[in-house]
Amino acid sequence: MELTLARVVHVLAVVLWIGGVAMVTTVLLPAVKRFKDPSEAVAFFEQVEARFAWQSRITTLMAGASGFYMLHVLGWQRLLAPQYWWIHAMIAVWGVFTLMLFVFEPLFLHRWFHERATRAPKSTFRMIQRLHWRLLTASLVTVAAAVAGSHGWFWW
Ligand code: HEM
């Protein structure tokens, strides 16, 4: 019962979080790049990202808490079995986002983006979009592997 509830919370958190990353990557960034006024583009992007950053922080925490709870119930020894490689993939994706949202962003990423985007908006948005595509691809591969793996398909 608790395991099912944790799975429900986990999947809802992942849907909101990775769905948001997909929206930023495929809709927001391409739209912002077409703004005529670069300073307006930077201001609009920062406004939307700031709101999304809070949503991502909450959903990342929910995904991590429910994920580690499930791992505790199902057994930590899974981390040692090669057929559960997709659990390592989930933890790796979660770790990258957690570092970015809770450490890098408040410490320096936000300031760095603002300064660079004000100086060179085009190349900064290109770089940000490349980064978002990489994160989105890694996240989607992980979602596919986690669904397949947790339903018995291990590619093994
Ligand atoms: C701290 C990080 C995480 C931990 C410890 C964790 C752990 C788990 C565990 C133990 C399961 C259940 C496996 C099973 O039933 O055999 C699971 C399922 C799943 N996780 Fe994670 N996870 C984490 C992060 C993520 C992330 C970042 C994603 C997406 C990118 C993700 C997507 C999924 C999906 C889609 C399922 C399958 C749900 C299903 O089909 O039943 N998880 N996770």
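I started with the second largest pocket, where α2 gives the largest share of the lining, nine residues. Helices here are DSSP runs of H or I of at least four residues, numbered from the N terminus. The model is predicted, so I kept to its limits: local features need pLDDT of at least 70, side-chain atom pairs count only at pLDDT 80 or more, and totals for chains, interfaces and linings use all residues. Residues are numbered from 1 along each chain, and side-chain values use heavy atoms, without hydrogens and water.

I looked up the volume of the second largest pocket and got about 520 Å³. A pocket is an open set of points on a 1 Å grid where a 1.4 Å probe fits, with protein on both sides within 12 Å along at least five of seven lines; lining residues have an atom within 4 Å of a point. The volume is the space filled by probe spheres set on the points. Of its 23 lining residues, E49, M100, E105, L109 and H132 are closest to the centre. I sorted the lining of this pocket into 16 nonpolar, three polar and four charged residues (Ala, Val, Leu, Ile, Met, Phe, Trp, Tyr, Cys and Pro are nonpolar, Asp, Glu, Lys and Arg charged, the others polar).

Next I turned to the largest pocket, with about 730 Å³ of space. It has 32 lining residues, and H10, M70, W86, M90 and A146 are closest to its centre.

Last I checked α3, where I found a kink of about 85° at E105, shortly before P106 (the angle between axes fitted to the seven residues ending there and the seven starting there).

Note on methods. Helices (H or I, at least four residues) and strands (E, at least two) are DSSP runs, numbered from the N terminus.
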